[in-house]
Amino acid sequence: MLFPLLYTLVTAAFGGAVLRLLLKQELNLGRETALGLLLLLLFEPLCYNVTPGYLGFCLFSLACLLAYWKLPTPGFLPVQEKAVLITGLWGIVNNAGILEVFAEAEILPMNAYKHCLEVNFLGAVEVTKVFLPLLRQAKGRLINVSSLAGSVPIMRFAPYNASKAALSIFSNTLRFELAIWGVKVAIIQPSLFKTGIFGTNDQRNRRYMELLQQLSPEVRKDYGESYLNSPKELYPAVQSRITENLQPVLKDIVNALLANNPRRLYTPGSGAFLIPLIYHNAPTFLSDFIIFKHFNKIPNIPDGAKPK
């Protein structure tokens with residue numbers, strides 16, 4: 001019973017690795033690659049039956065390693081050490097973003113929504129529209145930096161969530177519309193990385209004081225002073241999850257600009273691929289539980305929502 005289990009484990013590991021590359025669009029699955037994978041599948045019973053024992057298992061494991069190493073991944077444009085003449089503009093990277101303040105959607109003022117939409121979404125739209133004639137001329141690349149928050153509803157980030165979701169659907173719309181011009185569009189959807197988007201402590205405290213001052217007495221009573229002050233404690237919890245190394249994001253931007261066939265979506269950072277996958281595909285009760293537990297870092301609840 002040992003060897004059937006070992007063969008099954010190796011096959012499952014290899015199949016899972018190939019499936020991951022396919023889901024992340026990092027594998028060029030052509031006819032030759034598909035044929036090679038089929039032959040590898042047929043090689044397993046051959047090793048098991050013709051060369052039983054550890055020798056056959058080792059041969060099959062080695063074949064899987066070599067096959068994975070030889071899998072064709074997206075190549076890059078041949079520009080290294082060459083002079084390349086481009087008429088027009090090759091690439092646009094829209095990366096501007098603001099967050100405003102952590103708070104429930106109900107208590108955030110309208111100017112927080114307007115400001116996030118103006119910078120995170122409308123700013124990218126305006127820059128894109130200005131330069132699209134040059135981009136079409138070069139048959140170049142449009143790269144929009146969205147966010148995990150544009151795909152998954154993160155509590156107390158409503159304006160930011162909405163603006164990044166708008167940017168993502170705008171980008172995917174352009175991906176279809178610009179394909180006939182030879183322009184490729186890609187979305188970078190990072191998880192949490194260290195940038196200046198959260199502002200300084202003084203800036204966060206000032207924004208939150210301004211937020212509290214504009215609340216009506218009824219809303220302040222419903223939520224309670226203790227709960228209203230708790231989001232100020234949210235930043236340390238968020239800060240503990242922030243990745244300081246920006247190389248994964250920069251690497252994906254370079255890939256989107258220079259790959260022969262860039263992916264439509266890049267997900268650098270921890271959870272940027274898995275969390276949206278769970279949210280959009282798992283049963284609602286399960287995905288809601290995971291998202292709530294992962295992102296809700298305020299343990300108490302508003303006074304008005306407490307059991308009487």
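The largest pocket holds about 810 Å³ of space. This is a predicted model, in which local features need pLDDT of at least 70, side-chain atom pairs count only at pLDDT 80 or more, and totals for chains, interfaces and linings use all residues. Residues are numbered from 1 along each chain as its sequence is written, and side-chain values use heavy atoms, without hydrogens and water.

**The largest pocket**
- Among the 36 residues lining this pocket, Tyr 160, Pro 190, Ser 191, Leu 192 and Phe 193 are the closest to its centre.
- A lining residue has an atom within 4 Å of a point of the pocket on a 1 Å grid.
- The lining has 23 nonpolar, ten polar and three charged residues.
- Helices H5 (158-177), H9 (234-239), H10 (247-258) and H12 each supply at least two lining residues; a helix is a DSSP run of H or I with at least four residues.

**Helix H2**
- Helix H2 (residues 31-50) has 20 residues and spans 28 Å from its first C-alpha to its last, close to the 28 Å expected at 1.5 Å a residue.
- Thr 33, Leu 40, Glu 44 and Cys 47 of H2 are buried (under 20% relative accessible area with a 1.4 Å probe).
- The buried residues of H2 pack against helix H1 (2-23) and helix H3 (54-69).

**Helices H11 and H12**
- The axes of H11 (residues 274-281) and H12 (residues 284-295) come within 8 Å and cross at roughly 145 degrees, on a scale from 0 to 180 degrees between N-to-C directions.
- Ile 275, Ile 278 and Tyr 279 of H11 meet residues of H12 including Ile 290, Ile 291 and Phe 295, where contact means heavy atoms within 4.5 Å.

Terms used:
Expected span 1.5 Å × (residues − 1). Buried < 20%, exposed > 50% of the residue type's maximum accessible area, 1.4 Å probe, protein only. 1 Å grid on protein atoms, 1.4 Å probe; cavity = no way out; pocket = protein on both sides within 12 Å on 5 of 7 lines; lining within 4 Å. Points joined across faces, edges and corners; volume = space filled by probe spheres on them. Nonpolar A, V, L, I, M, F, W, Y, C, P; charged D, E, K, R; others polar.
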